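Visitor: I would like to learn how to read a structure such as this one, feature by feature. Could you guide me through it?

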Amino acid sequence: MMASISKKELSLSIVLVVLVGMLCNPFGIFMPTMWQMLVLALLVVLVGLFAGLVVYESVTDEREQSHRDRAGRVGYTAGLLVILLGIVVQSLKHVAVDGWLLAALVVLVIFKIAARVYNRRFH
């Protein structure tokens with residue numbers, strides 16, 4: 001059985017991918033001005049925050065909660081792997097590893113540990 005994806009999820013994903021693609025401009029298709037880059041960066045941040053924090057689904061039973069928890073674990077693992085890949089690639093290129101990658105790695109791991117400690121203690 002094919003899992004259904006809502007129009008909201010699909011449209012948010014497409015908008016985020018298009019905005020990030022425009023911000024990165026990997027093929028040099030256009031030459032944005034400083035203001036256009038700033039607006040694109042703000043849009044990426046706003047859509048990312050909206051998609052990641054504001055949009056949520058309501059859970060009606062244990063199975064849906066399990067799916068939501070699994071999606072969170074998969075997202076965390078994917079983010080962790082991308083950050084680690086960035087650190088490895090920069091290290092192999094013999095350039096200074098970007099401090100943002102290191103900070104993101106530390107924040108991911110520390111907040112996961114803190115959430116587990118909190119949940120064990122209070123739940």
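**Reading the surface and the helices**

Guide: Let us begin with P26, which is exposed, with a relative accessible area of 60%, where buried means under 20% relative accessible area, exposed over 50%, and partly exposed in between (1.4 Å probe, protein chains only). P26 lies in the loop between α1 and α2, and helices here are DSSP runs of H or I with at least four residues, numbered from the N terminus. This is a predicted model, in which local features need pLDDT of at least 70 and side-chain atom pairs count only at pLDDT 80 or more, while totals for chains, interfaces and linings use all residues. Residues are numbered from 1 along each chain as its sequence is written, and side-chain values use heavy atoms, with hydrogens and water left out.

Visitor: How many residues does helix α1 have, and what span does it reach?

Guide: The expected span of a helix is 1.5 Å times one less than its number of residues. Helix α1, residues 7–24, has 18 residues and reaches 26 Å from its first C-alpha to its last, close to the 26 Å expected. Just after α1, N25 takes a positive phi of about 45°.

Visitor: Which residues gather in a patch of positive charge on the surface?

Guide: Patches are made of residues with over 30% relative accessible area and no salt bridge, with like charges joined within 9 Å and nonpolar side chains (Val, Leu, Ile, Met, Phe, Trp, Tyr) within 5 Å. A salt bridge is a side-chain nitrogen of Lys or Arg within 4 Å of a carboxyl oxygen of Asp or Glu. Here the positive patch gathers R70, R73, K112, R116 and R120; α3 (62–92) and α4 (99–122) each supply at least two of its residues, and the largest share, three residues, comes from α4. R120 is found in helix α4 and counts as exposed because its relative accessibility is 63%.

Visitor: Which residues form the nonpolar patch, and what accessible area do they have together?

Guide: Accessible areas come from the Shrake-Rupley method with a 1.4 Å probe. On the surface, V45, L49, F50, L53 and V54 form the nonpolar patch, with about 470 Å² together. One of them, L49, lies in helix α2, residues 34–54, and counts as partly exposed because its relative accessibility is 43%.

Visitor: What separates the C-alpha atoms of P26 and W100?

Guide: They are 74 residues apart along the chain, and their C-alpha atoms are separated by 20 Å. W100 lies in helix α4.

Terms used
Lys, Arg positive; Asp, Glu negative; His and termini not counted. Charge placed at Lys NZ, Arg CZ, Asp CG, Glu CD.
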